[in-house]
Amino acid sequence: MPKRKRPEKESSTPVKKDSSSHVTKKEALRFEVELEFVQCLANPDYIHHLALKGTLDDVKFIKYLKYMQDTWTKPEYSRFLTFPNCLNYLHLLQESTFRQMAKNPQFIADVNYQRDLHFFHHKTA
């Protein structure tokens with residue numbers, strides 16, 4: 001019986017189309033840090049923590065969130081997400097109203113409840 005070829009492992013970082021380019025350790029580390037951070041946004045309690053610290057009021061941080069949204073919604077990046085619902089929260093964080101409401105513990109409790117309902121009633125194919 002002929003040996004089967006093993007499928008090649010998918011790269012852990014997005015690779016540029018240009019075959020002459022390579023991913024440096026610094027780029028790989030940045031990718032991993034950003035991936036971890038963007039997925040933390042899938043947790044409304046973490047968003048609440050950021051709001052209470054005043055991080056969500058920082059103009060530089062708001063610009064960083066915009067950069068993250070522009071980057072992580074691209075298929076070559078989003079395919080690495082374990083918790084893709086973080087992109088929904090990233091989208092909501094673009095709105096100043098949501099950022100302000102994230103300071104309210106009851107609002108976050110309601111968001112958690114709605115998230116739990118979604119996953120409870122979600123049907124997989």
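**A walk through an all-helix chain**

Of the 125 residues in the protein chain, 30% count as buried (under 20% relative accessible area, with exposed meaning over 50% and partly exposed in between, using a 1.4 Å probe and protein chains only). Keep in mind that this is a predicted model, where local features need pLDDT of at least 70 and side-chain atom pairs count only at pLDDT 80 or more, while totals for chains, interfaces and linings use all residues. Residues are numbered from 1 along each chain as its sequence is written, and side-chain values use heavy atoms, with hydrogens and water left out.

Let's start with the overall layout. The protein chain has seven helices and zero strands (helices are DSSP runs of H or I with at least four residues, strands are runs of E with at least two, and both are numbered from the N terminus). Now for contacts, meaning heavy atoms within 4.5 Å. Take those in the protein chain with a separation of 6 or more: 69% of them come from residues 24 or more positions apart.

So what sits in the middle? In soluble globular proteins, nonpolar side chains tend to be buried together. Here the largest nonpolar core has 26 residues, and Leu41, Ile47, Leu56, Leu65 and Trp72 touch the most other members. Helix H1 (25-40), H2, H3, H5 and H7 each supply at least two residues of this core. (A nonpolar core is a set of buried Ala, Val, Leu, Ile, Met, Phe, Trp, Tyr and Cys residues joined through side-chain atoms within 4.5 Å.) Look at Leu65: leaving aside neighbours within four places in sequence, Leu65 is in contact with Phe37, Leu41, Leu56, Leu90, Leu93 and Gln94.

Next, zoom in on H2. Which residues of H2 are buried? They are Pro44, Ile47, His48, Leu50 and Ala51. Seen down the axis of H2, these buried residues fall within an arc of 160°, so they line one face of the helix (the arc is that of the directions from the helix axis to the C-beta atoms). The face turned away from the buried side of H2 carries the exposed residues Leu52 and Lys53. As for what covers the buried residues of H2, the list includes H3, H5, H6 and H7.

Thr55 counts as buried because its relative accessible area is 18%. Apart from neighbours within four places in sequence, Thr55 is in contact with Leu50 and Phe61.

Over in helix H6 you'll find Phe98, which is buried at 10% relative accessibility. Not counting residues up to four places away in sequence, Phe98 touches Ile47, Tyr89, Leu92, Leu93 and Phe107. Compare Glu95, in the loop between H5 and helix H6 (96-101): Glu95 is partly exposed because its relative accessible area is 46%.

Finally, the second largest pocket is lined by nine residues that include Asn85, Tyr89, Arg115 and Phe119. (On a 1 Å grid over the protein atoms alone, a pocket is an open set of points where a 1.4 Å probe fits, with protein on both sides within 12 Å along at least five of seven lines; lining residues have an atom within 4 Å of a point.) H7 gives the most to this lining, with five residues.
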